[in-house]
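Here are a few notes to go with the structure you asked about. Keep the picture open while you read them.

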Amino acid sequence: MMIPALARAGAVPIVFEIPADKNPSNAFVHFRTSTANFSGRYLDANGNSVSLLKNTPYSLATLTSTNSVGGGAPSNKPAVLISNFISGRIYFNYGSTGLVGLSDAYIPAAQTSSDSNYYTRYAYLEPTVQASGSGAKITANLTYIDFFGLSLSLQAVNAPHAVNNPQLSAYGQEMVDAV
């Protein structure tokens, strides 16, 4: 995920990237929050501005337009422009659908085998996007508080005041048979 330069229009562009061998129609993002403090938009395939809905899965294919969403985000890449996001999470998952049942009152319970998303591979980050002077700023928590499902990285692009940039994580998996 990339975050281009501080937006002057009071919004932060977020650009999503997945490996080239993955289908963007099978990669989903959800903007989950239980507060009213969420607003953002994306451009559809025809270049029309569409408001983002909280707790709704969006495939990366849906978030891709031949036009830039603004704020320095490139065209032909999945991107959103977030102007307000207080106390929430951005969930990512790869599969045939987004996470099941995400809502104001429900988040997946990674430790509960009866949870409808228990067998879904997902990850999240906790961002805050707020107005800042004539622009907007983002802070984000990438720590794997509950579990480790997908490797995430966060990179601030053209951000002269970025701290601890880039935020990177690496994940390796080893399968071992016990004898």
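What share of the 179 residues in the protein chain is buried?

1. The answer is 36%. Keep in mind that this is a predicted model. The accessible surface of the protein chain comes to about 9700 Å², and carbon and sulfur atoms hold 50% of that.

2. As for contacts with a separation of 6 or more, 58% are between residues 24 or more positions apart.

3. Now for the inside. In soluble globular proteins, nonpolar side chains tend to be buried together. Here the largest nonpolar core has 24 residues, and Phe16, Val29, Phe31, Leu52, Leu63, Val80 and Ile82 are the ones with the most contacts inside it. Several strands supply at least two residues each to this core, among them β2 (12-15), β3 (27-33) and β7 (79-85). Another core lies apart from it, with 7 residues that include Val15, Leu43, Ala79 and Leu81.

4. Leaving out residues up to four places away in sequence, Ile82 touches Ala11, Val12, Ile14, Phe31, Phe38, Ser39, Gly40, Leu52 and Val129.

5. Of the 7 residues in β8, 6 are buried. β8 pairs with β3 in the antiparallel sense over 7 bridges, and Thr33 stands opposite Gly88 of β8. β8 also pairs with β9, again antiparallel, over 4 bridges; there, Asn93 stands opposite Tyr122 of β9.

Key
Residues numbered from 1 in each chain as written. Predicted model: local features only at pLDDT ≥ 70, side-chain atom pairs only at ≥ 80, totals over all residues. Heavy atoms only, no water. Core = buried A, V, L, I, M, F, W, Y, C linked by side-chain atoms within 4.5 Å. Buried < 20%, exposed > 50% of the residue type's maximum accessible area, 1.4 Å probe, protein only. Contact = heavy atoms within 4.5 Å. Pairing = 2+ DSSP bridges. Areas by Shrake-Rupley, 256 points an atom, 1.4 Å probe, with all protein chains shown as cover.
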